[in-house]
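This report describes a protein chain, from its overall composition to selected helices and loop residues. The sequence and structure are shown first.

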Amino acid sequence: MDLIVPVSQTHEGFYSLKHVHRESSVKTSLGTRARARDRSNFVLGYNTCILAFSDANRNGCKRIEGPRKHRRNQVFATLKVDTFSSNGKLPHAEKNQHGHLSSGSHASNSPSNIEEHESNNHLRRLVRNGELEDGFKFLESMVYKGEIPDIISCTSLIRGFCRIGKTRKATRVMEILEQSGAVPDVITYNVLISGYCKSGEIDNALQVLDRMNVAPDVVTYNTILRTLCDSGKLKQAMEVLDWQLQKECYPDVITYTILIEATCKESGVGQAMKLVDEMRNKGCKPDVVTYNVLINGICKEGRLDEAIKFLNNMPSYGCQPNVITHNIILRSMCSTGRWMDAEKLLADMLRKGCSPSVVTFNILINFLCRQGLLGRAIDVLEKMPKHGCTPNSLSYNPLLHGFCKEKKMDRAIEYLDIMVSRACYPDIVTYNTLLTALCKDGKVDVAVEILNQLSSKGCSPVLITYNTVIDGLSKVGKTDRAIKLLDEMRRKGLKPDIITYSSLVSGLSREGKVDKAIKFFHDLEGLGIRLSAITYNSIMLGLCKARQTDRAIDFLAYMISKRCKPTEATYTILIEGIAYEGLAKEALDLLNELCSRGLVKKSSAEQVAVKM
């Protein structure tokens, strides 16, 4: 099953930081200078992979960091004291269970050592409980008293601050750690660099790289290279690669795949192939992720037949294609309407023993639903369990959308019930699709009923959910009900936007409740949003219907003062309003004048004249 790391959705099946794939399981072993090359577990998930490497180091991998003076963790037993953690004072060093170096001494059980040990335990508890600010203050007090803080606790504190976007505070923790006499290891620096990269502060990440007290490892460089490449800074990434080589930190398959993906996007697959050749020449063998990146690039360049040939040749390169490789090709086939080829590819997958994933079937269902072939899409859906795949909400959503598009609301609701009966609970996208279709079909009461049930189904409505139903109610003359929903969404902490207010303004104006509409209009102005002519026109239409054309003309002047250019519809609303008040001659004169100035088209003027 494909897991998508919530950062942003990306193209499934192709190398990306946002994807972690579980379709292969190969154990990874880590060294000091190099990471394992076989990383099938981390297909399309190099951000996650980078963090996994750091965690793996911390969980038992031996590393030599140079001549550091650390003490072994000391355990305070009931009757006798063994050794205490102090990170940097005594020469007997060994690895603790987290992979950090710590020094040991069997000779010193002084009160200061016991106090330092207890302080580190307290710091560890604060960080573990998520009390970051208290942990930071306690760290400051420890260093002020001359105590050496524990590196692991400080690393966790740095990670905690980075996760909530407080990178400056995380940097301060690093500075305190360095000034205390403790020696941060490469993992600690990697955590800070990763935090900066995730918050988009690449320049700060590069500054940390430049001032590291220990040698950066390949994980350090991969983190920075990925961020630079994601930001479209391939040239700068190549400069960092040169710097990496000068430091004799040799790139691994992850490094090259990051650069190959970025090169495909910026310069095309042809240029990326040169990097593949360089990679091979340096003894670094491309893996399935690398080839997936290239196949995806070929497909995006519209060369599907070449991509298929590349797929078939992969075994001769010493690499077997995986389900993601096939999904990339399959998606490209479907997007170009090659359904017969897609069916053949699926059959080839099964013949080769490459089991399709949920994503494979979702690609097919999505394609069939877009083609209006809902019956065939249902057939594919029903076959999924036979192949060991359980349909998810992304399997059902295209079907529901297809039924809604064909105005088969009963079938849509039927499949909603089927989803739930199969323990596949609809997400908010599913409900929004259904609510939009119900409102367009005029079945607003059913939409309101479903909306009221969402919370009890464990699915919280979002802004677009409320906007859909409020707009539906406003269009069928039920603005009082719509206003109640507005109050409800505010109580739930959702902030109305221009779409919310515009729907209410239009609805109230159509119902003749112009003063209420104007109130909401001013609320909308209070949001600091520049309003469009459509919103102004709604108010003017309401005023004209209420035979208040003088106020409508005043509103036109207000509209111009706000630098909102009137449209042809603005003028025709006013002309029809003047005629509606029995002033047909004045309206006709105004129409002719506006037509002569080119503000109203002749064809539109003729239509308005007929109505008068």
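## Terms and basis of the model

A polar contact is a pair of N or O atoms within 3.5 Å; within protein, one atom must be able to donate a hydrogen and the other to accept it, and residues adjacent in sequence count only if both atoms are side-chain atoms. The model is predicted: local features need pLDDT of at least 70, side-chain atom pairs count only at pLDDT 80 or more, and totals for chains, interfaces and linings use all residues. Residues are numbered from 1 along each chain as its sequence is written, and side-chain values use heavy atoms, with hydrogens and water left out.

## Overall composition

The protein has 30 helices and four strands; helices (H or I, at least four residues) and strands (E, at least two) are DSSP runs, numbered from the N terminus. Of its 612 residues, 51% are buried. Buried here means under 20% relative accessible area, exposed means over 50%, and partly exposed lies in between (1.4 Å probe, protein chains only).

A contact requires heavy atoms within 4.5 Å. Among the contacts with a separation of 6 or more, 60% join residues 24 or more positions apart.

Asp150 lies in the loop between α3 (132–144) and α4 (151–163). With a relative accessible area of 3%, Asp150 is buried. Its side chain reaches two backbone nitrogens: that of Ile152 at 3.4 Å, and that of Ser153, which lies 3.1 Å from a polar atom of the Asp150 side chain.

## Helix α5

Helix α5 (residues 167–179) contains 13 residues, which should span 18 Å at 1.5 Å a residue; the end C-alpha atoms are 18 Å apart, in agreement. The expected span is 1.5 Å times one less than the number of residues.

The buried residues of α5 are Thr167, Ala170, Thr171, Val173, Met174, Ile176 and Leu177. Their cover includes α3, α4, α6 (186–198) and α7 (202–211). After α5 comes Gly181, with a positive phi near 105 degrees.

## Helix α12

Helix α12 (residues 288–300) also has a span close to expectation: its 13 residues reach 18 Å from the first C-alpha to the last, against an expected 18 Å. This helix is mostly covered, with twelve of its 13 residues buried. Among them are Val288, Tyr291, Asn292, Leu294, Ile298 and Cys299.

Just after the helix, Gly302 adopts a positive phi of about 80 degrees.

## Packing of α14 against α16

Two packed helices are described by the angle between their axes and the distance between the axes. For helix α14 (residues 323–335) and helix α16 (residues 358–370), the axes come within 9 Å and cross at roughly 5 degrees. Axes are lines fitted to C-alpha atoms, for helices over the stretch in contact, and angles run from 0 to 180 degrees between N-to-C directions. Angles under 35 degrees count as roughly parallel, over 145 as roughly antiparallel, 65 to 115 as roughly perpendicular and the rest as oblique; α14 and α16 are therefore roughly parallel to each other.

On the α14 side, Val323, Asn327, Leu330, Arg331, Cys334 and Ser335 take part; they meet Val359, Thr360, Ile363, Leu364, Phe367 and Arg370 of α16. These residues divide into seven nonpolar, three polar and two charged. Ala, Val, Leu, Ile, Met, Phe, Trp, Tyr, Cys and Pro count as nonpolar, Asp, Glu, Lys and Arg as charged, and the others, Gly among them, as polar.

Ala482 belongs to helix α23 (residues 479–491) and is buried, at 0% relative accessibility. Apart from its neighbours within four places in sequence, Ala482 contacts Ile470, Leu473, Ser474 and Leu504.

Lys565, by contrast, is exposed, at 72% relative accessibility, and is located in the loop between α27 (549–561) and α28 (568–580). Beyond its neighbours within four places in sequence, Lys565 contacts Ala533 and Met559. The C-alpha atoms of Lys565 and Ala533 are 6.9 Å apart, although 32 residues separate them along the chain.

Most residues other than glycine have a negative phi. Glu248 has a positive phi, near 60 degrees; this residue lies in the loop between α9 (234–246) and α10 (253–267) and is exposed at 54% relative accessibility. Lys407 likewise has a positive phi near 60 degrees. Its place is the loop between α18 (393–405) and α19 (409–421), and at 62% relative accessibility Lys407 is exposed.
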